Amino acid sequence: MKSTAIAALLSATLFIFTGCGSSKVAHTSIVKSEKSYLSQTNSMKKKRAHASPSFITKSEQKEFLARINKVRSERRSCGRYGRMGPVQPLVWSDRLYEAAYEHSYDMAKSSHFSHDGSGTRNDRAAVDMRLGRGSNLRERMHYSDYRWRAIGENIAAGQKTTQAAMDAWLRSDEHCKNLMSEHFTEVGMAYYPSTDQYQTYWAQNFGRSL
């Protein structure tokens, strides 16, 4: 697998951006939101039908899932959130992967690091749903047809290896808490290479489906 970068997320409508040299991470999550998938579908334009992307290999998919579940299988300190876990392993979701892929592609192609999409032609959810602005996490979940009870998103750019990205997550109290959250049962994770200084952008989506 190509050495690259990853991301982490956590905490209801909380965004954290940290930068060091040529890498950065950010997180956000929506847990048990009153604005679940079903409460939003009528207010959103229907997405187009499209095939799921398949940028990562099956071996990469297995590696990502194994690394995440190894973290969840151990009791660990999440700083100000105290000791957490162990918690149940997550299962892979192709729909969450699709959402993660779409966003990592957008960030890489647009050199745009944010939980909001770029709003350019690279932001497929924004274009196909005719949003007139960058897509948000809820809209990308709707675009990938993920019917959710809880969702979260981790993004990162610039880390050289998957392990380096995981280490960066675990150094952050919020990222650690998100990885150890019992609210999530599924995950999808993707990356996409870029030609800018960060070289790779990652997105990781957590969820609990209806």
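In which helix does Asp 94 lie? Asp 94 lies in helix α3, which spans residues 94-110. Helices here are DSSP runs of H or I with at least four residues, strands are E runs of at least two, and both are numbered from the N terminus.

The model is predicted, so local features need pLDDT of at least 70 and side-chain atom pairs count only at pLDDT 80 or more, while totals for chains, interfaces and linings use all residues. Residues are numbered from 1 along each chain as its sequence is written, and side-chain values use heavy atoms, with hydrogens and water left out.

**Overall layout**

The chain contains 7 helices and 8 strands. It has 210 residues, of which 55% count as buried; buried means under 20% relative accessible area, exposed means over 50%, and partly exposed lies in between, with a 1.4 Å probe and protein chains only. The accessible surface comes to about 9,500 Å², and 47% of this belongs to carbon and sulfur atoms. Accessible areas come from the Shrake-Rupley method with a 1.4 Å probe, and for residues only the protein chains shown count as cover. Of the contacts between residues at least 6 apart in sequence, 70% join residues at least 24 apart, a contact being heavy atoms within 4.5 Å.

**Disulfide**

A search of the whole structure finds 1 disulfide, defined as a pair of cysteine sulfur atoms within 2.5 Å. Cys 78 and Cys 176 form this link, with their sulfur atoms 2.0 Å apart. The two cysteines are 98 residues apart and join distant parts of the chain: Cys 78 is in the loop between β3 (76-77) and β4 (83-84), and Cys 176 is in helix α7 (residues 173-179). The angle about the S-S bond is -60°, a left-handed link. Both Cys 78 and Cys 176 are buried.

**Nonpolar cores**

The largest nonpolar core has 36 residues. Such a core is a set of buried Ala, Val, Leu, Ile, Met, Phe, Trp, Tyr and Cys residues joined through side-chain atoms within 4.5 Å. Phe 64, Trp 92, Phe 113, Leu 179, Met 180 and Tyr 201 have the most contacts inside the largest core. Two or more residues each are given to this core by α2 (58-72), α3, β6 (148-157), α6 (162-170), α7, β7 (186-193) and β8 (200-209). Another core, of 8 residues, lies apart from the largest one and includes Ile 30, Leu 96, Leu 137 and Ile 151. In soluble globular proteins, nonpolar side chains tend to be buried together.

**Cavity**

The search also finds 1 cavity of 30 Å³ or more, and the volume of the largest cavity is about 30 Å³. A cavity is a set of points, on a 1 Å grid over the protein atoms alone, where a 1.4 Å probe fits but cannot get out; lining residues have an atom within 4 Å of a point. Grid points are joined across faces, edges and corners, and the volume is the space filled by probe spheres set on the points. The lining consists of Glu 102, His 103, Asp 106, Asp 123, Arg 124, Ala 125, Ser 135 and Arg 140. Helices α3 and α4 (124-128) are the elements that give two or more residues to the lining, and α3 has the largest share, with 3 residues.

**Backbone geometry**

Most residues other than glycine have a negative phi, and most peptide bonds are trans. The peptide bond from Gly 85 to Pro 86 is cis, with omega near 0°, and Pro 86 is in the loop between β4 and β5 (91-92). Ser 111, in the loop between α3 and α4, has a positive phi near 50°. Arg 130, in the loop between α4 and α5 (137-143), has a positive phi of about 55°.

**Surface positions**

The table gives the relative accessibility of selected residues.

| Residue | Relative accessibility | Class |
|---|---|---|
| Asp 94 | 48% | partly exposed |
| Ser 111 | 45% | partly exposed |
| Thr 120 | 33% | partly exposed |
| Arg 130 | 68% | exposed |
| Arg 149 | 43% | partly exposed |

The C-alpha atoms of Asp 94 and Met 189 are separated by 9.3 Å, although these residues are 95 apart along the chain. Arg 149 is in strand β6, and its C-alpha is 9.2 Å from that of Phe 184, 35 residues apart in sequence. Thr 120 lies in the loop between α3 and α4. Leaving out residues up to four places away in sequence, Thr 120 touches Asp 106, Ser 110 and Val 127.

Technical notes
On a 1 Å grid over the protein atoms alone, a cavity is a set of points where a 1.4 Å probe fits but cannot get out, and a pocket is an open set with protein on both sides within 12 Å along at least five of seven lines; lining residues have an atom within 4 Å of a point.
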